[in-house]
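Please look over the charged side-chain pairs in this model. My notes are below the display.

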Amino acid sequence: MSASTEPMLRVGTLGAARIAPTALLKPARDVHGVEVMAVAARDRSKAHTFATKHGIPRVLDSYEQLIADPDIDAIYNPLPNGLHGHYTIAALEAGKHVLCEKPFTANADEAEAVAAVAARHPELVLMEAFHWRYHPLAERIRGIISSGELGKVRNIETFMCIPLPLPNDIRYDIGLAGGALMDTGCYAIHQLRAFADATGAGEPHVAKAEAKTLHKRPEIDRWIRAELDFDSAGEARLRGRIHASLWSGVGLRITVRVTGNAGELRCLNVTQPHVYHRASIRTATGRTSVHDPDKRSTYWHQLGAFAAVIAGDRSHLLTGTDDSVANMRVIDDVYRAAGLEPRRPTAV
């Protein structure tokens, strides 16, 4: 697809976050009718450098100015976790559509507050940026699960572990709603819920959890794991397990395993399959590879879906507010089960 000379969707980005070029700027070049028009950061010189590097036409002086700009239709919110809720609400109340980075908010109470504002503005689109869910591979795996090819699904296990032993990184900042569960664990929980949903199961209940925290910051989890139970549609209960880390002995592991009484599916890197992925099914008849040849990025699919929903096709909205609130509830419950407190919004 080529970029339109008359953009239908004019996007402004809050801040010069590291994820913005990958999640928004690059895919916007290839999604028809989308153009990134402006950026604002608390440090204007940083915003100017970012705009120059990425060809963004305008630099505004503040987040508030960007949100209020009448020439902007939608806001991309990649701010630190603790600021997501405040600025998403501000954007909605200013009449802007919002693509908000994960995790949706600092905690479930704030998620419900954001969802309530969104409900008062049904003409606007609010999407949480769980980009993995928009790639065809995610729906293909859900289709395999729901088809019964694996038999009755008994267990789903997700790993979202990366090596980031940098304690001064904002991901470890409690004041910005940091922690491994918030950063990588929100993916592990979201993938578990999405694949469990394909079995007809309800939302999970946290059975138990444990975490390893920073020595000098015991409120911040560097790795965390939890066991979850689901209300299953059949006679056998579905059980789940999530593993998430920013700093642990696991290193790099991004996998999903779905086990049924007739087979097992394993997938490496369902989060960014356009980079590389490997998936297979093992049953009594042997092993079958599962591969999706689509090389377009998860972010391209996500931005295309965002634009399509704004254009009126709500069938493309896979990560709306109901899903976001449910995911934050599980995150909060995992923290409590591990003996930690749910995160709090950042003071503005």
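The points below cover salt bridges and their surroundings.

1. Basis. This is a predicted model, in which local features need pLDDT of at least 70, side-chain atom pairs count only at pLDDT 80 or more, and totals for chains, interfaces and linings use all residues. Residues are numbered from 1 along each chain as its sequence is written, and side-chain values use heavy atoms, with hydrogens and water left out.

2. Count. The model holds 25 salt bridges (a side-chain nitrogen of Lys or Arg within 4 Å of a carboxyl oxygen of Asp or Glu).

3. Arginine 10 and aspartate 71. Their closest N and O atoms are 4.0 Å apart in a salt bridge. Arginine 10 sits in strand S1, aspartate 71 in the loop between helix H3 and strand S4, 61 residues apart. Helices (H or I, at least four residues) and strands (E, at least two) are DSSP runs, numbered from the N terminus. Arginine 10 is partly exposed at 24% relative accessible area, and aspartate 71 is partly exposed at 40%. Buried means under 20% relative accessible area, exposed over 50%, partly exposed in between (1.4 Å probe, protein chains only).

4. Arginine 171 and aspartate 183. This salt bridge spans 3.3 Å, N to O. Arginine 171 is in the loop between strand S7 and helix H7, and aspartate 183 is in helix H7, so the pair ties together parts 12 residues apart in sequence. Aspartate 183 is buried at 14%; arginine 171 is partly exposed at 26%.

5. Glutamate 210 and arginine 225. The closest N and O atoms of this salt bridge are 2.7 Å apart. Glutamate 210 lies in strand S8 and arginine 225 in strand S9, so parts 15 residues apart in sequence are tied together.
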